[in-house]
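The tour goes from the whole chain to single residues.

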Amino acid sequence: MTLNKDFSASLQTIIDQLKADKVYKRLNHLDSPQAARVKMEVRGDVLILSSNNYLGLADEPSVVQAGIDGLKRYGAGTASVRFICGTFTIHRELEDRLAKFVGTEASLSFVSAWNANEGLTATVAQEGDFIVSDALNHASIIDSMRLAKAISKCTTAVFKHGDMDDLRAKLAEAKGAKRRIIWTDGIFSMEGAIAKLPDILQIARDTNSIVAVDDSHATGVLGKNGRGTPEHFGVVGEVDIITSTLGKALGGAAGGFVAGPGVLADYLTQRSRPQLFSNALPPTVAMSALAAVDFVEKHPERVEQLRQNTKYFREQITEAGFKPIPGDTPIVPIIVGETAAAIQMSDMLLDQGVFVTGFGFPVVPHGTARVRCQISAAHTRDDLDQAVRVFKKVGATLGIVR
């Protein structure tokens with residue numbers, strides 16, 4: 001058999017250009033559980049400030065044990081899709097608990113939050129519908145809308161980030177639509193900003209629109225009890241559709257879900273292609289995620305610890321001379337300018353034992369490249385103080401701070 005050499009060569013050309021542009025992504029391999037500190041191949045002990053492990057549950061003993069118990073009780077998985085070969089009782093239990101946690105009637109799990117968003121938008125959208133998205137929404141929302149548009153011939157638009165006047169204008173332009181759906185992140189992952197959810201809900205009431213919120217970075221993070229953006233604003237039960245992840249604060253493994261009215265979960269079970277044609281969540285993931293929900297409900301102090309760590313780090317990094325994007329969330333982006341500068345700073349920080357990822361164009365606009373710090377409840381004050389010292393040293397070397 002002869003391989004097509006032109007195919008490989010064309011891909012290699014692109015890879016070479018990525019390296020030349022200094023935007024090539026290199027994987028760093030960990031040889032320990034995800035935690036505040038990890039063992040990284042070649043580098044040894046490294047302080048993590050780049051994980052979505054917001055509550056430190058990725059290595060929480062009760063969460064890990066639940067996953068082991070799930071593997072022993074149910075085996076590796078269903079070996080087919082749920083409606084064909086059956087689904088485990090743990091999936092039903094998890095979905096019931098997730099719905100109660102975020103304040104909806106029902107939920108349906110997916111193998112990833114990306115699949116959840118894709119499986120929602122492309123399934124519920126119909127010809128004549130109009131879907132409008134915040135300009136800074138996650139890529140999974142953007143791609144789900146593209147897919148929905150291709151399948152259903154619905155129309156779509158984008159409103160300026162957080163601009164409620166522009167949202168109203170876009171909805172007014174589509175007043176003849178059969179249904180209007182407003183899509184927003186709860187916390188915007190690159191900015192750390194929180195959606196103006198009360199305003200969005202009021203606009204939805206005024207225009208008879210449907211609100212869908214991707215709360216992936218807010219579940220377990222916002223609100224006194226970690227129930228997300230709706231709890232943060234005191235509007236639990238008022239959001240039509242919530243999607244979120246099990247791969248961040250709730251254990252950090254994998255999986256996502258769509259939560260909303262019972263009929264929505266039923267409809268997605270019948271029609272959502274990512275649900276119909278994918279195996280269910282591995283039972284070890286389902287049980288560890290359920291244990292994570294249990295932990296959050298029993299330990300609201302962990303959410304408060306995250307909040308205090310975030311406040312402390314923001315204060316200290318600002319005092320050190322940096323100017324993070326203002327906010328109250330554990331996503332703390334520090335703008336450094338161009339992409340090459342962000343990548344260089346990230347590499348230098350890692351050389352000093354602090355793992356923070358740099359992001360540039362096209363993930364963020366030209367001139368706004370950043371290193372994005374993500375704080376965890378598992379960080380100690382010593383961890384955060386070390387991170388600030390290293391930031392200050394690297395920042396001084398690069399001329400970012402004095």
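**Before selecting.** This is a predicted model, in which local features need pLDDT of at least 70 and side-chain atom pairs count only at pLDDT 80 or more, while totals for chains, interfaces and linings use all residues. Residues are numbered from 1 along each chain as its sequence is written, and side-chain values use heavy atoms, with hydrogens and water left out.

**Whole chain.** Show the cartoon: there are 15 helices and 13 strands (DSSP runs numbered from the N terminus, helices being H or I of at least four residues and strands E of at least two). The radius of gyration is 22 Å, close to the 21 Å that the globule rule gives for 402 residues, so the chain is as compact as a globular protein of that length (taken over C-alpha atoms; the rule is 2.2 Å times the number of residues to the power 0.38). Of the 402 residues, 51% count as buried (under 20% relative accessible area, with a 1.4 Å probe and protein chains only).

**Cores.** Select Leu94, Val132, Leu167, Ile182, Val211 and Leu246, which touch the most other members of the 55-residue largest nonpolar core (a set of buried Ala, Val, Leu, Ile, Met, Phe, Trp, Tyr and Cys residues joined through side-chain atoms within 4.5 Å). Helix H12 (residues 283-298) gives the most to this core, with 10 residues. A second, separate core has 26 residues, including Leu49, Val336, Ala387 and Val388. Back at Leu246, the contacts beyond four places in sequence include Leu94, Leu98, Phe257, Leu281 and Ala289 (contact means heavy atoms within 4.5 Å).

**Ser144.** Next, go to helix H6 (residues 139-152), where Ser144 is found. Is Ser144 buried or exposed? Ser144 is buried, with a relative accessible area of 1%. Not counting residues up to four places away in sequence, Ser144 touches Asn117, Glu118, Thr121, Ala122 and Trp183.

**Sheet.** Now select the open sheet of 3 strands, in the order S10-S13-S12 with antiparallel pairing (two strands pair if DSSP finds at least two bridges between them). Strands S10 (331-337) and S12 (357-359) are the edges, each pairing on one side only. S10 and strand S13 (residues 369-374) pair over 6 bridges; Gly337 stands opposite Ala369 in S13.

Notes:
Buried means under 20% relative accessible area, exposed over 50%, partly exposed in between (1.4 Å probe, protein chains only).
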